[in-house]
Amino acid sequence: MKKRVLSVLGIAMLLLCTACNKERQCKCVATDGSDDGLLHILVVDRAMSCESINEMAIEQKVVSEDGTQTLIRTDVRQVKCRDYNE
């Protein structure tokens with residue numbers, strides 16, 4: 001009985017440790033010549049790789065007079081990203 005409780009506790013601790021690391025930080029640099037010298041960091045899900053990001057933009061929410069909300073992309077840049085921890 002005691003071994004079973006310890007093994008279940010060990011598995012729970014292992015799952016807790018792996019569940020905390022669900023995000024990754026990507027460091028991105030503009031490749032289209034419009035580099036402003038600022039460090040651009042994107043936080044993405046673990047399922048996405050930093051190398052697959054090739055475009056970055058800022059989106060602004062615009063609300064019209066009738067209450068319709070839309071997103072407008074501004075400052076679109078071609079980027080090359082890598083994992084921030086590397």
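Accessible areas here come from the Shrake-Rupley method with a 1.4 Å probe, and for residues only the protein chains shown count as cover. With that, I read off an accessible surface of about 7100 Å² for the chain, 57% of it belonging to carbon and sulfur atoms.

I noted that this is a predicted model, where local features need pLDDT of at least 70, side-chain atom pairs count only at pLDDT 80 or more, and totals for chains, interfaces and linings use all residues. Residues are numbered from 1 along each chain as its sequence is written, and side-chain values use heavy atoms, leaving out hydrogens and water.

Next came the fold. Helices (H or I, at least four residues) and strands (E, at least two) are DSSP runs, numbered from the N terminus.

Then I turned to Arg77, which sits in strand β4 (residues 69-83). Is Arg77 buried or exposed? Arg77 is buried, at a relative accessible area of 12%; buried means under 20%, exposed over 50%, and partly exposed in between (1.4 Å probe, protein chains only). Of the 86 residues in the chain, 15% count as buried.

Which residues does Arg77 touch, apart from neighbours within four places in sequence? I listed Ala30, Asp32, Ser34, Asp36, His40, Asn54, Glu55 and Met56, where contact means heavy atoms within 4.5 Å.

Last, I checked Tyr84, found in the segment after β4. Tyr84 is partly exposed, at 36% relative accessibility.
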